[in-house]
Amino acid sequence: MAIRISTFIFLAGIALQPCAHAQTKADRKVIKQLQADIGYLASDELEGRRTSTEGERKAADYIEKRYREAGILPYNGQYRYPFYFIYGKQVGPSTSIAVNGAALRISEDVFPLPFSANAQAKSEVLPEIMEQGSVWMMPLYTDADQADNPHFEPEKYMFEKAREVEKQGASGVVFFDSYGSKYEPSFNKQSQYEVVGIPAVFMNVRAYQKYITRNEAESSQKEGVAIDMNVEVKKADRTGTNIAAYIDNKAKYTVIVGAHYDHLGYGEDENSLHANAVKEHLIHHGADDNASGTAALLEVAKWVKQKKLRHYNYLFINFSGEELGLFGSKMFVKEQQIDSSRVAYMINMDMLGRLNDSTRALTVGGIGTSPAWASISDITGKEFKLVIDSSGQGPSDHTSFYNAGIPVLFFFTGTHKDYHKPSDRAEAINYTGETRVIKCVHKVIAKMDKEHVKPLFTPTKQQTMGKTRFRVTLGIMPDYTYQDGGVRVDGVSDNRPAMKAGVKQGDIILQLGDNKITGMQTYMEALGKFSPGEKTNITVKRDGKEMQLPIELSK
C-alpha cells in the first residue's frame with residue numbers, strides 16, 4: 001500500500017457474539033497454499049520486489065506460473081504488460097563541478113539541486129561579491145541555530161533564492177554549508193519544484209572547508225576561487241510489469257479483481273519507515289504489503305475457475321508500481337483502454353494478512369461507489385466487524401478504476417507496526433484470518449454473479465489526506481507522475497469548481513487567472529493567491545488544444 005490510511009467513515013455489521021471458526025479440509029488446503037505463495041514472494045531471494053528490479057521479475061515469473069497451473073489463460077494473448085514511466089529525477093552522467101581545477105565528488109562533496117537548469121557556468125567567485133554574469137556563492141544557513149533547526153526547509157529556501165539570484169543576473173549559484181548541519185540536505189529525487197534558468201548546486205561543509213576556505217586563504221581576494229560546473233539533471237525512467245489473466249465467458253460485462261505485488265526493495269525510493277534502511281541494506285519483505293493480497297488474488301482466481309462462474313468475464317490483474325504512486329494500475333487503465341461501460345465492478349485487495357483475531361476488524365472501502373454495495377454487511381454476515389469507507393479514492397489501485405467511472409470495493413485488514421519496514425515478514429501473517437477474508441470476497445463475487453447486472457456507478461467525495469493550507473480548491477486529483485509541463489488532472493470531484501467549470505479527467509492545467517502553471521509548485525502557489533468566491537479563468541489543454549474556461553473558486 002502506497003500511503004497510510006488515516007480515517008474511515010463509520011462502523012457497520014458489528015458482531016454481537018463470537019463465531020466458531022473450525023477449519024475445513026478446504027481451508028487447510030488454502031492456508032497451505034497461502035503459506036507457500038507468501039513465503040516465496042516475501043523471501044530474501046526476491047529482495048523486496050521493488051519495481052523494475054530482478055526481484056520484481058522473479059515475482060512476475062512465479063505469479064504467471066501459478067495462473068498457468070490453475071488453467072487460467074492470459075489476457076488478450078499475453079500475461080505480461082510492461083509499462084514505462086518517469087519516476088522523479090536523477091543526476092546525469094555529464095555532471096561535473098570543479099574548484100580551482102580540482103574535481104569535486106558528485107553526491108559525496110556536492111550535488112546538483114533537482115530544480116537546476118541543465119547548463120554550464122564558469123567564473124571567478126568570492127562569497128562576498130555578487131557580480132552579474134558570474135556564479136554566486138550563497139550560505140544556506142545564517143547561523144548554527146538555523147543549521148540545526150529541524151523545521152528549516154533547505155530545498156524550499158534554495159529554490160526561492162535561486163529564482164531571486166537568476167533575476168539579479170547570476171549565471172549559476174552554489175549554496176554551501178559552513179556550519180555542518182546535522183540535517184544536511186540530499187538530492188531529492190521526488191522534488192516538485194520547477195526548473196530554474198541557471199545551474200544550481202549544494203556543497204556540504206566538508207567540501208566547503210577543503211576546497212573553498214583553504215583556497216580563499218591561499219589566494220588573494222582579487223583572484224578569488226574558480227568555479228567550473230556543468231550540471232545535468234535527468235528524468236528517472238523505469239519499467240514495471242503488470243500481469244493479467246482472464247476467464248472469457250463471452251459475457252456482456254467483465255469483473256476486475258486486482259492486487260499489487262511490488263514492494264519497497266531496500267527502501268531506495270525513500271518510502272521506508274525504518275530509519276537508515278538503505279544504509280543498513282535491509283530487505284523490505286512486504287509479506288502483508290502486499291504478498292498477502294497477491295496470494296489472495298491467486299486463490300480468488302482459482303476459486304472462480306473451479307466454481308465455473310459464468311455470468312461475467314473475469315479479469316485478474318497483479319499490479320506493479322503501486323508503492324511509487326499507483327503507476328501500474330493507472331497505466332493499465334490507460335493503455336488497455338478500459339471501457340467503464342463494459343466493466344461491472346472492480347475489487348482490490350491490499351494488505352489482508354494481519355486480521356486481528358480479537359477485534360475481527362475488516363475495512364471495506366468504496367461502499368459509496370454503487371448502491372449495490374449497500375448490503376455489504378449482509379453479504380459478509382457476522383464474521384467481521386466491518387469498518388466502512390464510502391470513498392472510491394484511497395491509497396491503493398482501486399482509485400485508478402474509480403477515476404475511470406467504475407464501481408469499486410477495497411478489502412484491507414489494517415496497518416501495523418511492521419508497515420513499510422523490513423519486519424513485515426511471512427511468519428507474522430495470520431493465515432487463518434486471511435483465509436476468512438478470502439471467503440468473504442468469494443461471497444461478494446458469488447452474489448454478484450447470480451445477479452449478473454452492471455451496478456450503477458455513483459461518484460463519492462474526494463478523500464482528503466491531511467489538511468490543506470489553501471483557502472480554495474479546484475476539486476481535482478493531480479497526476480503526480482506527470483512531468484511535461486502543467487498539471488494533469490487524474491480525477492475530478494463531483495460538484496466542485498473544476499467540474500462546474502467543465503474540467504475533465506486527462507486535461508492539463510496550464511494557467512489559473514494570470515498565473516502560469518508549469519508544475520505542482522506553481523500550481524500550489526497559484527491556489528494560494530485566491531479566496532473563496534473569486535471568479536477567474538482556467539486554461540487547460542485537451543486533446544492537444546488549449547481552451548479557456550470560466551471558474552468560480554471555493555473551499
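This is a predicted model: local features need pLDDT of at least 70, side-chain atom pairs count only at pLDDT 80 or more; totals for chains, interfaces and linings use all residues.
**View 1. The side chains of strand E18 and their burial.** In a regular strand the side chains alternate between the two faces of the sheet. In E18, Val 408, Phe 410 and Phe 412 point one way, whereas Leu 409 and Phe 411 point the other way, and all of these residues are buried. Because five of the five residues of E18 (residues 408–412) are buried, the strand is largely enclosed by the rest of the structure.

View 2. Rolling a probe the size of a water molecule over the atoms shows where empty space is left. The structure holds one cavity of 30 Å³ or more, and the space in the largest cavity comes to about 40 Å³. Its lining is made up of Tyr 81, Pro 82, Phe 83, Asn 242, Gly 328, Met 331, Phe 332, Glu 335 and Gln 336. Strand E3 (80–91) and helix H7 (327–335) are the elements that give two or more residues to this lining, and H7 supplies the largest share, with four residues. By residue class, the lining of the largest cavity divides into five nonpolar, three polar and one charged.

**View 3. Asp 269 and the residues around it.** Asp 269 is placed in the loop that lies between strand E13 (254–260) and helix H6 (287–307). Its relative accessible area is 10%, and since buried means under 20%, Asp 269 is therefore classed as buried. The side chain of Asp 269 is joined to that of Arg 50 by a polar contact of 2.9 Å, and a polar contact of 2.9 Å also joins the side chains of Asp 269 and Arg 238. When residues up to four places away in sequence are not counted, Asp 269 touches Arg 50, Tyr 87, Arg 238 and Leu 324.

View 4. Helix H12, residues 520–527, is mostly covered, with six of its eight residues buried. The buried residues of H12 are Met 520, Gln 521, Thr 522, Tyr 523, Ala 526 and Leu 527.

**View 5. An open sheet of four strands.** The strands of this open sheet follow the order E5-E4-E11-E7, and their pairing is antiparallel. Strand E5 (102–103) and strand E7 (120–125) are the edge strands, each of which pairs on one side only. Strand E4, residues 96–99, runs antiparallel to strand E11, residues 225–230, and four bridges join the two. Opposite Ile 97 stands Met 229 in E11.

Definitions and conventions: Residues are numbered from 1 along each chain as its sequence is written. Side-chain values use heavy atoms; hydrogens and water are left out. On a 1 Å grid over the protein atoms alone, a cavity is a set of points where a 1.4 Å probe fits but cannot get out, and a pocket is an open set with protein on both sides within 12 Å along at least five of seven lines; lining residues have an atom within 4 Å of a point. Grid points are joined across faces, edges and corners, and a volume is the space filled by probe spheres set on the points. Ala, Val, Leu, Ile, Met, Phe, Trp, Tyr, Cys and Pro count as nonpolar, Asp, Glu, Lys and Arg as charged, and the others, Gly among them, as polar. Buried means under 20% relative accessible area, exposed over 50%, partly exposed in between (1.4 Å probe, protein chains only). A polar contact is a pair of N or O atoms within 3.5 Å; within protein, one must be able to donate a hydrogen and the other to accept it, and residues adjacent in sequence count only if both atoms are side-chain atoms. Contact means heavy atoms within 4.5 Å. Two strands pair if DSSP finds at least two bridges between them.
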